[in-house]
Amino acid sequence: MTKKNNILIVGAGLCGSLLALRLGQRGYNISVYEKRPDLRKVDISAGRSINLAFSDRGIKAMKLVGLEEKVKPLCIPMNGRMLHDVAGNTVLAPYSGREHEYINSISRGDLNALLLDEAEALPNVTIYFNHKSTEVDFENSIAHFYQYETKSEVSKKADIIFGTDGAGSSLRKSYYLGKKFLFSFSQDYLTHGYKELSILPAKNGGYKAFKNALHIWGRGDFMLIALPNLDGSFTVTLFLSYSEGEYNFNNLTTKEKVLEFFTTYFKDALELMPNLIDDFFENPTSPLGTVKCSPWHYKGNTLLMGDSAHAIVPFYGQGMNASFEDVVEFDKYLDDAQDWESIFKAFEKSRKIDTDAIADLAIDNFHEMKGHVNNAIFREKRNLEMALEKNFPTEYSSKYSLVTFNENIGYYKAMTQGRAQDKAMLNMIADHDISISEKTSKEELAIILKKVQTETENILEEDRIAKNM
């Protein structure tokens, strides 16, 4: 390994631009190739993932590259979920019982632009736009591109090639089609898709709904969510089945049908969205899928990172955060290792168990958000979790807090601990072994906490025994 290595990164999205910045800071010569135009000069949002949930794992990555203070002005804190019922009643469900813990709404474009600016400011980083990766010769470390502006084929050789080109990665496709080694790949789609809509700012430039929350209209088999933007608008996303149910994307084909659907299930949202019909028929309907694959690397030549290696559905708000955490975890191996192949092997071995875990958790949270948030036992569990976190902040963290606010705990550990806690609580609430009310004292909560901890350990021990049988 040498700082004279010429490194090529395919994809200048969030993960690729952060990786370019970090490797550039370490002194490597970096070339980044991106198929899209420069987003700092052209609006390319096109109704897809305009804003994202940004939390502690992502913030840890910003600290690594020295951008924590520059990112803060781009963030809107969201302290909890604002739950909307069919009648239009709302209740704010905090994300944590600890007041300093919250997630942020952040513009994908603004964050990507910041990372591109910082990477390009380094003399050893060069970014090329309008270059579509068509194939990667991973044995010889040569990437082939189609240059849109000149309509020509371009080939670039490098010492190392990183694939950060998203769920449709050309490097991953080359692994699969190359058949040079045993490569496992799965791509699982939900029966639901998504469509992005919007709530425009009020006439005075303010917000038409409560600003500091992630709004959810959970309706059992489908849902609507809304995240705030800095300009006073909200990005609204409809998650709905393609073909099942009375209303689905396949049959919402007329203005009348769409208005009937929203009037029935999202009346309070509809009142804020006079632009609904235009958004609905102009913006695409997109699929929701999970990608898992193995291995992520080939010898010491190429490596997949971010969505290229582990695309997930968006329901835990961890897709971007997980990709950023890839860079943080990868960076740890760069100080001591003697060769790229050993780095790639060690990185994947430690990282894949966590990315598989967050993929599974994201599916779990899909069902929780669209249905369980309105379930009485679930509500009681969340109220109890909030009380425990508030009164015993160092002794208890919910599954959501373990995943979202404990950036020094791996996703797999957060998943196993969190699932056991959930099972323990739900069972004891259902059996009337524990309960909470406004009159529950701290002393009574301490007894409940001990019961939850004991039952959680019992469940974890049972799982360990079952796993070893």
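A cavity is a set of grid points where a 1.4 Å probe fits but cannot get out. The exercises below apply this and related ideas to a predicted model.

**Exercise 1. Determine how many cavities of 30 Å³ or more the model has, and describe the lining of the largest cavity.**

Solution. 
1. Under the definition above, the count comes to 2 cavities of 30 Å³ or more.
2. The largest cavity holds about 70 Å³ of space.
3. Its lining consists of Arg81, Tyr316, Glu368, Lys381, Arg382, Glu385, Ser398, Lys399, Tyr400 and Asp422.
4. Sorted by class, the lining of the largest cavity has 7 charged, 2 nonpolar and 1 polar residues.

**Exercise 2. Describe the second largest pocket by its volume, its lining and the elements that supply it.**

Solution. 
1. The space in the second largest pocket is about 380 Å³.
2. The lining of this pocket numbers 17 residues, and Ile59, Glu68, Lys72, Tyr102 and Asn104 lie nearest its centre.
3. At least two lining residues come from each of helix 2 (56-64), helix 3 (68-71) and strand 4 (75-78). Helix 2 gives the most, with 5 residues.
4. The classes in the lining of the second largest pocket are 7 nonpolar, 7 charged and 3 polar.

**Exercise 3. Identify the residues with the most contacts inside the largest nonpolar core, and trace the contacts of phenylalanine 330.**

Solution. 
1. The largest nonpolar core has 64 residues, and Met62, Phe162, Phe324, Phe330 and Trp340 have the most contacts inside it.
2. Helix 1 (residues 14-25) gives the most to this core, with 7 residues.
3. With neighbours within four places in sequence left aside, phenylalanine 330 is in contact with Leu19, Leu23, Phe162, Leu303, Met305, Trp340, Ile343, Phe344 and Phe347.
4. A second, separate core comprises 33 residues, including Met78, Leu190, Ile358 and Phe405.

**Exercise 4. Decide whether serine 169 is buried or exposed, and list what it touches.**

Solution. 
1. Serine 169 is located in the loop between strand 12 (160-163) and helix 5 (170-178).
2. The relative accessible area of serine 169 is 1%. The cut-off for buried is under 20%, and therefore serine 169 is buried.
3. Residues up to four places away in sequence not being counted, serine 169 touches Leu304 and Ser308.
4. Leucine 304 is 135 residues from serine 169 along the chain, yet their C-alpha atoms are separated by 8.6 Å.
5. The side chains of serine 169 and aspartate 165 make a polar contact (2.8 Å).

Notes:
Residues numbered from 1 in each chain as written. Predicted model: local features only at pLDDT ≥ 70, side-chain atom pairs only at ≥ 80, totals over all residues. Heavy atoms only, no water. Core = buried A, V, L, I, M, F, W, Y, C linked by side-chain atoms within 4.5 Å. Buried < 20%, exposed > 50% of the residue type's maximum accessible area, 1.4 Å probe, protein only. Helix = DSSP H or I, 4+ residues; strand = E, 2+ residues; numbered from the N terminus. Contact = heavy atoms within 4.5 Å. 1 Å grid on protein atoms, 1.4 Å probe; cavity = no way out; pocket = protein on both sides within 12 Å on 5 of 7 lines; lining within 4 Å. Points joined across faces, edges and corners; volume = space filled by probe spheres on them. Nonpolar A, V, L, I, M, F, W, Y, C, P; charged D, E, K, R; others polar. Polar contact = N/O pair within 3.5 Å; in protein donor to acceptor, adjacent residues only side chain to side chain.
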